[in-house]
Amino acid sequence: MNLPVFSNERELASLIHVHEKHINLLSTFPHRYYKKYKLPKANGGFREIRQPRKDLKGIQAWILRNILDKLNPSPYATAYIKKKSIADNVSPHRNNRYFVCLDLEDFFPSISIRRVAKIFSIIGYSDKASAVLAKLCTCNGGVASGSEYHPMFSGSLPQGAVTSPSLSNAISAKMDRRIAGYTSRRNIIYTRYADDITLSSNNSNVLCQSLPRILKIIKSEHFKPNMAKLRVLGPRRKCYVTGLVKDNSESKFGIGKKKKRQMRAVMHHLVFNLGQDNKYNSKESIVGWLNYLRSVDKKSYEQMDSYWNRLLNKSQGI
């Protein structure tokens, strides 16, 4: 993989071109170098974000670019991977009729510093180098950390660090392989988009009977399934999978007719100053949504883009 070679803080500092004492401070007291704030979730509650200070973020970016980006991601993971999107997460399920959707509770914070250090050790770094890298990529105060702060044994993946997405995929790879190994023998499709797990089959009995074993695998890999959000979907219900809707008349996922109606109204109100949506309150935000739509539902994108341009032309008297 042609990874950078170093065995201690001094050698790492030389590679990154920062002072060794600064690396030591950042890795010994990482909790001092994060700004903490909360963002509201779409379904209620808040998500805690820990944003690293500029100097720590720069070092994490170096780790991401020179080490983590060179790792081969799990073939079952579809989030945080270049050239992959939500569309890649749902596409393998397009020919199935029955779905189980669940998510993993406190996904990033549940991943401890020990597990992060193990990833760096597995790819070839010494115990000391792995410990330094793990400390630079974690922050205490999450679910996985203890009540007493210890620079080596406390800490978890912070939601806000640029290294957390790639590390979460690397750490989840074993769980992905175990679940996929079990489900593939039963004609069940498995994908994971960050903390969202999707399972599908054309045999509802096999799918439901397999669920207890799959949940056992998840727990044995030190993740916690959020049972309150477990959904079992079939052809008689609208199948929403990671934000996209299964069209039961076709083997495809898209944004659905309801979302298209809502966005047409939002676009119309915005262009003619009849009111603004809280989320899509500028022309730039509409263009951003259209760019997202192009990546997940090309047919709907062409329809909505054409509608948007007609509105703009009409408002300008063209």
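These are my notebook entries on a predicted model of one protein chain.

**Ground rules.** I number residues from 1 along each chain as its sequence is written. Because the model is predicted, I take local features only at pLDDT of at least 70 and side-chain atom pairs only at pLDDT 80 or more, while totals for chains, interfaces and linings use all residues, and side-chain values use heavy atoms, without hydrogens and water.

**Entry 1: the whole chain.** I looked up the secondary structure and found eleven helices and nine strands. Helices (H or I, at least four residues) and strands (E, at least two) are DSSP runs, numbered from the N terminus. The C-alpha trace spans about 65 × 55 × 40 Å along its principal axes. The chain has 318 residues, and 46% of them count as buried. Buried means under 20% relative accessible area, exposed means over 50%, and partly exposed lies in between (1.4 Å probe, protein chains only). I then checked contacts, meaning heavy atoms within 4.5 Å. Among contacts with a separation of 6 or more, 65% join residues 24 or more positions apart.

**Entry 2: the cores.** I searched for nonpolar cores, which are sets of buried Ala, Val, Leu, Ile, Met, Phe, Trp, Tyr and Cys residues joined through side-chain atoms within 4.5 Å. The largest has 54 residues, and I63, I67, F120, L199 and I218 have the most contacts inside it. Apart from it lies another core of 27 residues, including F99, L233, I255 and L311. I also listed the partners of F120, leaving out neighbours within four places in sequence. F120 is in contact with I63, I67, L68, Y125, S130, L133, A134, C137 and L167.

**Entry 3: α1 and α2.** Two packed helices are described by the angle between their axes and the distance between the axes. I take axes as lines fitted to C-alpha atoms, for helices over the stretch in contact, with angles from 0 to 180 degrees between N-to-C directions. Helix α1 (residues 9-16) packs on helix α2 (residues 20-28) at about 110°, with the axes 8 Å apart. That angle makes α1 roughly perpendicular to α2. For the wording, under 35 degrees is roughly parallel, over 145 roughly antiparallel, 65 to 115 roughly perpendicular, and the rest oblique. The crossing of α1 and α2 is right-handed; a crossing is right-handed if the near helix is turned clockwise from the far one by less than a right angle, and left-handed if anticlockwise. From α1, the contact uses E9, R10, A13 and I16, and from α2 it uses E20, I23, N24 and S27. By class, I noted three nonpolar, two polar and three charged residues in this contact. Ala, Val, Leu, Ile, Met, Phe, Trp, Tyr, Cys and Pro count as nonpolar, Asp, Glu, Lys and Arg as charged, and the others, Gly among them, as polar.

**Entry 4: two positive phi values.** Most residues other than glycine have a negative phi. H17 is not a glycine, yet its phi is positive, about 65°. H17 sits in the loop between α1 and α2, and it counts as exposed at 71% relative accessibility. T242, also not a glycine, has a positive phi of about 40°. T242 lies in the loop between β7 (239-241) and β8 (244-247), and is buried with a relative accessible area of 17%.

**Entry 5: α7 and α8.** The axes of α7 and helix α8 (residues 204-220) come within 10 Å and cross at roughly 165°. The two helices are therefore roughly antiparallel. Their crossing is right-handed. M175, R178, I179, Y182 and T183 of α7 meet S210, R213, I214, I217, I218 and S220 of α8. I noted six nonpolar, three polar and two charged residues in this contact.

S166 is in helix α7 (residues 164-184) and counts as buried at 18% relative accessibility. Beyond four places in sequence, S166 touches L64, L68 and D69. L215 lies in helix α8 and counts as buried at 11%.

**Entry 6: V100.** V100 lies in strand β3 (residues 98-103) and counts as buried at 1% relative accessibility. Leaving aside neighbours within four places, V100 is in contact with I197, T198, L199, L207, L211, L230, R231 and V232. V100 and C208 are 108 residues apart along the chain, and their C-alpha atoms are separated by 8.1 Å.
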